Amino acid sequence: RTIDGKAWTKVNPNCGSTSFVVPDLICGREYFFRVRAENRFGVGPPAETIQRTTARDPIHPPDPPIKLRIGLVTKNTVSLTWKPPKNDGGAPVTHYNVECLRWDRTGEVKESWKQCNRRDVEETKFTVEDLVEGGEYEFRVKAVNIAGPSRPSATVGPLVVKDQTCPPSIELKEFMEVEEGTDVNIVAKIKGVPFPTLTWLKASPKKPGDKSPVLYDQHVNKIVGEDTCTLLIQQSRRSDTGLYTITAVNNLGTASKEMRLNVLGRPGPPVGPIKFESILADKMTISWLPPLDDGGSKITNYVIEKKEANRKTWVPVTNEPKECIFTVPKLMEGHEYVFRIRAQNKYGVGEPLDSEPETARNLFTVPGPCDKPTVSSITRDSMTVNWEEPEHDGGSPITGYWLERKETTGKRWTRVNRDPIKPMTLGVSYKVTGLIEGSEYQFRVSAINAAGVGPPSMPSDPAIARDPIAPPGPPIPKVTDWTKSSVDLEWTPPVKDGGSRVTGYIVEYKEEGKEEWERVEIRGTKFVVAGLKEGCFYKFRVRAVNAAGIGEPGEVTDIIEMKDRIVAPDINLDASVRDRIVVHAGGVIRIIAYISGKPAPTVTWSRDDRALPEEAKIEETAISSSLVIKNCKRSHQGLYTLLAKNDAGERKKTIVVDVLDVPGPVGMPLLTENLTNDSCKLSWFTPEDDGGSPITNYIIEKRESDHRAWTPVTYTVTRQNATVQGLIQGKAYFFRIAAENIIGMGPFTETTKEILIRDPITVPDRPEDLEVKAVTKNSVTLTWNPPKYNGGSDITMYVLESRLIGKDKFHKVTKEKMLDRKFTVEGL
């Protein structure tokens, strides 16, 4: 029953043992319990608990605090910070105790650990004061809950107490971009002892070299923290854009950092005035210049509106123009209009630029006639007509031309083009197709401007549609190879075939100093000229032939001397090979190289400037050399070099070969530390060979010393240490670790000795049952029992002390090491 209730509630229907777990209690409520025994004759009287019991989880002292760090150090103070313990023991941590230990100059402990805080430390930071200048100290922290203090944290130090000084330094991002109206926090991280004086400067937009201090008000403010300085700009504006500089100064030096702030917003108005490029009765073309301020973002388009000058309402025209020119259509002749233009970017539409009033009216007439056109490039079904623009354009630019044709035997003119032909800078030409071979044609042209179509020109001279034929142009020959008595020629066909298909070629050659050319007629584009004199010099040329005759010659520019050709070696790697090859272990390394040169080069392979591995095989052909290593290993990687040599020189090619494999075993020794009753920390070294790929994970397995099966530790480990949780106190374990990369898992490395899981060793409890067994006039015989808890380690000795009644201090009875639990004290 609860302490505030009177009725007893039956917990269990039956229980055969003398213990029972009572379920379904409410956390924090207090209870009384009673038990009755029952036999075949009935239920006996109850036995009731005397004290009330509160339902709550067991409470233990917390774990030690973690990540104890040293902050600012002066000549007699040290600032410490730490993190709360991972486990609070089931009750909140109420405060912390900070302790220090002083060492003397010889490295001996001068004092024992003593508590530094006079009051409870409730925060996770504390400044230790009244330290001895130049003294060497260690520090540690204990967490305290209602169950008591924790074990101490890891210590920091030893540290010599003296004033710390360092010049200022600043960490600040170089660029920040925000939207107009956004609050801006420019945060600079500051270091320096003593803490430096901080100043913010802003460069002038017109003179970037001129910097002035930032003025602080409700819009801009400076906030200085423990190790930061923040420039706060509320409701940022475009005018806040600029280069900001923070300067930190202390007695050891000066540091500065710059940051550019770009505040993005709507663009400014376009630059005027608005110009009227052309004015017609039903449309006007207007132009303008982009805004000086694009708002920090690219102008995406312009918004154009119009209104009649005697009205107040603006009418949208378009928001499509991306260029600074537009033709406004659908105007009413004789009406006066005003236009306004606004630039737009992704942040919105800017302020407008208004034009002066302008009336829609025609200011020009149709253009005059063009001069008589001419005809060129005549074929059997096409002609190119050429003409110049008219002398008079009617006051409006020429926008196009209509071209007409007729046969000389007919009277009707037919328009050639469906759409007006656009004007060109230097005259106009147009190719007329679809003509009838053998027919005679004339052409005339009319110019077009905004007012309409002008009168036609005089007809061109008659021209008959037929193909012109001429001899072909020159081929382009070159010498591809030669010996002491022959030359290999090759050429490309002429660019112009003269209007007729090329039917063959004439190869001509002559010895230098002679006038007469030797001629050979062939049909292909390759020929070997043989029977030449060794040591003589020759010229070569090639002509093309078509139905119109023999064309102009194409000459080989060089004069060729008849001697055997010597060509330095050249090496070209196969397309499957690059300067670097990556192969998985067990695969095939195959490097194919194509070798050229005259005479045929000798080929040598090496690896890392030494001989090739025994497994390497070299396969040779007339034009290639291949290196093959099957079932490759990590030891086969390296820098492979191919050297080709002949009388003309040598050529070298290097290829980097990487062989990827699983990592090797992790480095020994495997160290264990930080043992608790359910965990231990393992540490190891990275493998000497990572398999050519970075280590991505370490796989840890455990087994109890009396078992054979290994059990994986499931979490991912990327560092060279890990804490294995969930172990059983008193059990002995073996551990093994393997490294893993992208290729796979390497071999395991196993601990050589079993590891016993137990709490860290502490001092033992006091011995039990100390008794006096015999007394004489100057001796006493004593006996005792060992302590109930030996502190996690075997008892190594006992210390027996005595004092005379009335004296304050105990003294050791003997200096000898005492192992027995019985001793006679003599000389009393």
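Me: In this predicted model, is Glu 704 buried or exposed?
Reply: The relative accessibility of Glu 704 is 17%. The cut-off for burial is under 20%. So Glu 704 counts as buried.

Me: Which residue forms a salt bridge with Glu 704?
Reply: The closest N and O atoms of the pair are 3.4 Å apart. The pair links distant parts of the chain, 27 residues apart. Glu 704 sits in strand β59, its partner in the loop between β61 and β62. The partner is Lys 731.

Me: How many residues apart in sequence are the parts tied together by Lys 372 and Asp 461?
Reply: Lys 372 forms a salt bridge with Asp 461, with the closest N and O atoms 3.1 Å apart. Lys 372 lies in the loop between β31 and β32, and Asp 461 in the loop between β38 and β39, so the pair ties together parts at a sequence separation of 89 residues.

Me: Which strand holds Asp 570, the salt-bridge partner of Arg 651?
Reply: Arg 651 and Asp 570 approach to 2.6 Å between the closest N and O atoms.

Me: How many salt bridges does the structure hold?
Reply: Some are linked in a network, which joins Glu 508, Arg 519, Arg 541 and Arg 543. The total for the structure is 26.

Me: How many residues make up the largest nonpolar core?
Reply: Ile 170, Ile 186, Trp 200, Ile 246 and Leu 261 have the most contacts inside this core. Several strands each supply at least two of its residues, among them β17, β22 and β23. A second, separate core, including Val 583 and Cys 632, has 20 residues. The largest has 22.

Me: How far apart in space are Pro 205 and Gly 242, C-alpha to C-alpha?
Reply: Pro 205 is placed in the loop between β18 and β19. Its relative accessibility is 71%, so Pro 205 counts as exposed. Gly 242 is one of the residues touched by Leu 261. Pro 205 and Gly 242 are 37 residues apart in sequence, and their distance in space is 6.5 Å.

Me: What is the accessible area of the surface patch of Met 797, Val 799 and Leu 819 together?
Reply: Leu 819 lies in the loop between β68 and β69. At 55% relative accessibility, Leu 819 is exposed. Together the three residues of this nonpolar patch have about 280 Å².

Me: What percentage of residues 569-656 is strand?
Reply: UniProt lists 569-656 under "domain: Ig-like", in an unreviewed entry. The end C-alpha atoms of this stretch are 21 Å apart.

Conventions:
Residues numbered from 1 in each chain as written. Predicted model: local features only at pLDDT ≥ 70, side-chain atom pairs only at ≥ 80, totals over all residues. Heavy atoms only, no water. Core = buried A, V, L, I, M, F, W, Y, C linked by side-chain atoms within 4.5 Å. Buried < 20%, exposed > 50% of the residue type's maximum accessible area, 1.4 Å probe, protein only. Helix = DSSP H or I, 4+ residues; strand = E, 2+ residues; numbered from the N terminus. Contact = heavy atoms within 4.5 Å. Patch = residues over 30% accessible without salt bridge, like charges linked within 9 Å, V, L, I, M, F, W, Y side chains within 5 Å. Areas by Shrake-Rupley, 256 points an atom, 1.4 Å probe, with all protein chains shown as cover. Salt bridge = Lys/Arg side-chain N within 4 Å of Asp/Glu carboxyl O. UniProt positions renumbered as here; feature names shortened; annotations may be inferred. Lists of a residue's contacts leave out its neighbours within four places in sequence.
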